Amino acid sequence: METYEFMKRTGERTNRTRQVYSNWAKARGVNYNVMAVLYTAYHNDKCSQKYICEEWSVPKQTVNTTCRDLMAAGIIEQSQSTGDKRETCISLTEKGKAFAYPLVNELLEIEGRILGGLGEEKIKLFFDLLIAYTETVEKEFAVK
């Protein structure tokens, strides 16, 4: 396969997967960015906005605006990081847990079925290839 075709198809598949998640979230009354914050807060008792940005490849301003809206709605709360005093952490409030848990649990069930349908061998192969690909990309784009 030629380089352009490979990169085009890789990008298309990545974007298509993200769009599926976005459509799923929208059908449940939230957008992709809200889902990303809730999913991350569900799995991390306290996490920084920077962490969410890195995990989901979402711009800082977008995560900040999303968190501000969720705080105003009483879904998340902010606290100072115990490590870096300049950093704030977010966590789900009780109202936020009641809102996020059903959504995230449904998503986890779907993701579990996806992985179950692929099977251990394909999952391992996919992940090994993804790691190799990503490491090669990082190496090639490293500032020299």
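**Note on the predicted model**

1. Helix α1 contains 25 residues. From first C-alpha to last, α1 reaches 36 Å, close to the 36 Å expected at 1.5 Å a residue.

2. On overall layout, the protein chain has 5 helices and 3 strands. Read from the N terminus, the order is α-α-β-α-α-β-β-α. Along the principal axes, the C-alpha atoms fill a box of roughly 50 × 40 × 25 Å. The protein chain has 144 residues, and buried ones make up 26% of them.

3. Helix α2 has 12 residues. They should span 16 Å at 1.5 Å a residue, and the end C-alpha atoms lie 17 Å apart, which agrees. Is α2 enclosed or open? Of its 12 residues, 10 are buried, so α2 is largely enclosed by the rest of the structure. The buried residues are Tyr32, Asn33, Val34, Met35, Ala36, Val37, Leu38, Tyr39, Thr40 and Ala41.

4. Next, the nonpolar core. The largest one has 27 residues. Met35, Leu38, Trp56 and Ile90 have the most contacts inside it. At least two residues of this core come from each of α1, α2, α3, α4 (60-72), β3 (88-92) and α5. The largest share, 8 residues, is supplied by α2. Two of the residues with the most contacts, Met35 and Leu38, are also among the buried residues of α2.

5. The largest pocket has a volume of about 1,700 Å³. Its lining counts 34 residues. Which of them lie nearest the centre? Thr14, Thr17, Tyr21, Phe126 and Leu130 do. Elements giving two or more residues to the lining are α1 (3-27), α2 (32-43), α3 (49-56) and α5 (94-141). The most comes from α5, with 13 residues.

6. What is the make-up of that lining? It divides into 18 nonpolar, 9 polar and 7 charged residues. For anyone setting up a calculation on the pocket, those are the counts by class.

7. The structure holds 4 salt bridges. Three are described here, starting with a pair inside a helix. Glu12 and Lys8 meet through their side chains at 3.5 Å, N to O. Both residues lie in helix α1, 4 residues apart, about one turn of the helix. An α-helix has 3.6 residues a turn, so residues three or four places apart point the same way. Glu12 counts as partly exposed because its relative accessibility is 41%, between the 20% and 50% limits. Lys8 is partly exposed as well, at 36%.

8. Glu94 forms a salt bridge with Lys97, and the closest N and O atoms are 3.5 Å apart. Both lie in helix α5, 3 residues apart, about one turn of the helix. Is Glu94 buried or exposed? Glu94 counts as exposed, with 60% relative accessibility. Lys97 is partly exposed, with a relative accessible area of 29%.

9. Which salt bridge links distant parts of the chain? The side chains of Glu106 and Arg28 meet at 2.9 Å, N to O. Glu106 sits in helix α5, while Arg28 sits in the loop between α1 and α2, and 78 residues separate them. Glu106 is partly exposed at 30% relative accessible area. Arg28 counts as partly exposed too, at 35%. Side chains of opposite charge can pair when their charged atoms come close.

10. One backbone detail deserves a check. Ser57 has a positive phi of about 55° although it is not a glycine. Where is Ser57 found? Ser57 is in the loop between α3 and α4. Its relative accessible area is 59%, so Ser57 is exposed.

11. Helix α5 gives the most to the lining of the largest pocket, and it holds Glu106 of the pair with Arg28.

Conventions:
Residues numbered from 1 in each chain as written. Predicted model: local features only at pLDDT ≥ 70, side-chain atom pairs only at ≥ 80, totals over all residues. Heavy atoms only, no water. 1 Å grid on protein atoms, 1.4 Å probe; cavity = no way out; pocket = protein on both sides within 12 Å on 5 of 7 lines; lining within 4 Å. Points joined across faces, edges and corners; volume = space filled by probe spheres on them. Nonpolar A, V, L, I, M, F, W, Y, C, P; charged D, E, K, R; others polar. Buried < 20%, exposed > 50% of the residue type's maximum accessible area, 1.4 Å probe, protein only. Expected span 1.5 Å × (residues − 1). Core = buried A, V, L, I, M, F, W, Y, C linked by side-chain atoms within 4.5 Å.
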